[in-house]
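Please read the following explanation alongside the sequence and the 3D structure. The text goes from the contact between chains to the chains themselves.

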Amino acid sequence: MSFLLRTDSLVAGWEQPATQPLDLVVAAGEIVGLTGPNGVGKSTLLAAIAGRARVFSGRIEQKPGLRLALQKQDVPPVVGMPLSGRELLALTGATPNGLPAWLADRLDSRLDRLSGGQRHYLTLWAVLQAPADLVLLDEPTNNLDVAGVDHLTEHLRDRAAAGAGMVVVSHDSAFVDAVCDRVIALEGVHVG
Amino acid sequence: MSADLFIIPFLTGLAFAVLLPALGSYLRLRDEWLAALAYSHVAAAGALIALLLGVPPVLGGLATAALAGASRRLFARRLSGGAADALLLLAGWGGAVLLAANAPMAERLGHALFDGQLYFADKDQLWPVAVGVALALLVLRAISSRLLLARVYPDLFRLRGLPAWPTQVGFDLMAALCLAMATMTLGVMGAFALVFIPPWLAFRRAANWRAGLRWALGIGVAAYVAAFALALGLDQPFGPVLALLLVVTALLVA
């Protein structure tokens, strides 16, 4: 089996079907982008691949023993909780090596005392760097400034070069173009 | 009064002053602090039922609290937003008060359970409490990172295929048993004060999780020792003194 993940005519949703059929193959070291207008079901498809949303038709096939990681749009509930960035990374098994300097210096701060962008990047990093073969990212550039997006782009390429596969949902076309090997536009059009 | 007379009650309560703030920190992490009050009330009702049935009240309290803790997840989906804990609390309180109102024996025990009976703790109580508290602390330490991961990244927790029961049913069951034991000794509100206030203050002040546990432990033990000395010196019931001392501390520190 040469792929990490394959979907055949996958239709997913929560209470009812909410996506068009998706055919997708992701190999090790490959970054595949999912784009499309709001409401087309990009996040729902990621949720179905991660086993959260319901599969109404089609199938999902994973490489045996595949380790998955999922980053969702909502930031983990850390407000009011005394949890430092270093402790967060230790929880997921992520390394702080490679963090941008503007975040590495704040690792010992509580997460709820970081700026929104810093907190988003650190909680994203904790998933990105967690031991996983396939990483699913849902709008990873939300709340990030230009420096954050640049660092993320570079890091995703490094992570892919190290063998991880990725599926990236994003509305940021410049980011998708810069980081993805292939892009699937969710209106039945394959690009790339 | 001889100091020896109070050393065993002091040590019995001290064990809970160490455990309850730590347990309360994980209940607060999971947004389930109201469950502590629910378990205490259910344990009180169970102890009264056992008394009327001729069974040792401690067993009744532990059994009903364990049942509540183990079955809590069954209703969690239907009763979201803390409703399950509120219903448990009201059912426990209603049952306990009705039992106490209709049976003289139950009335005496009911007062003891709600006010606390720390000064009556003896060696037969100290050893089970010491062993139970030590076990609970070891379990908490063992599942701490899973409890944190399940809270912060529930999807990653699930995707890793980690067994859910130790962090859900297992934690609920352990919390219920600990609260039942504490209720039998410190009373409903004395136990709740130690579960709620030290972690609440610690979460506001601490720089990280480990420091938060240390803060909660320090506040809980300091308040317990001060309340024990104050209640003894002023010849007052222990539970209310502890609760008031922690409330004043909370208002000053928060």
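In this predicted model, 17 residues of chain B are in contact with 20 residues of chain A, where contact means that the C-beta atoms of two residues, placed from the backbone, lie within 7 Å. On the chain B side, α6, α7 (154–159), α9 (188–205) and α10 (209–234) each supply at least two residues; helices (H or I, at least four residues) and strands (E, at least two) are DSSP runs numbered from the N terminus. The largest share of that side, four residues, comes from α6(B). By type, the residues of chain B that touch chain A divide into 13 nonpolar, three polar and one charged, with Ala, Val, Leu, Ile, Met, Phe, Trp, Tyr, Cys and Pro counted as nonpolar, Asp, Glu, Lys and Arg as charged, and the others, Gly among them, as polar.

Residue numbers start from 1 along each chain as its sequence is written, chains are lettered from A and ligands numbered from 1 in the order in which they are written. Local features need pLDDT of at least 70 and side-chain atom pairs count only at pLDDT 80 or more, while totals for chains, interfaces and linings use all residues.

Chain B has 11 helices and zero strands. Its radius of gyration is 18 Å, close to the 18 Å that the globule rule gives for 254 residues, so chain B is as compact as a globular protein of that length; the radius is taken over C-alpha atoms, and the rule is 2.2 Å times the number of residues to the power 0.38. The C-alpha trace of chain B spans about 55 × 40 × 30 Å along its principal axes. Of the 254 residues in chain B, 51% are buried, a residue being buried if 20 or more other C-beta atoms lie within 10 Å of its own, exposed if 12 or fewer, and partly exposed in between, with C-beta atoms placed from the backbone.

Within helix α6 (residues 123–152) of chain B sits A150(B), which counts as buried because it has 22 C-beta neighbours inside 10 Å. Beyond its neighbours within four places in sequence, A150(B) is in contact with F157(B) and T167(B).

The largest nonpolar core has 149 residues, and those with the most contacts inside it are L136(A), Y39(B), A65(B) and L179(B). Such a core is a set of buried Ala, Val, Leu, Ile, Met, Phe, Trp, Tyr and Cys residues joined through C-beta atoms within 7 Å. Helix α2 (residues 33–53) of chain B gives the most to this core, with 14 residues.

V135(A) is the bridge partner of A69(A), and M166(A) in β7(A) is the bridge partner of V135(A).

Chain A also has an open sheet of three strands in the order β2-β1-β4, with antiparallel pairing. β2 (22–27) and β4 (54–62) of chain A stand at the edges with a single partner strand each, so one side of each is left without a neighbour in the sheet.

Conventions:
Pairing = 2+ DSSP bridges.
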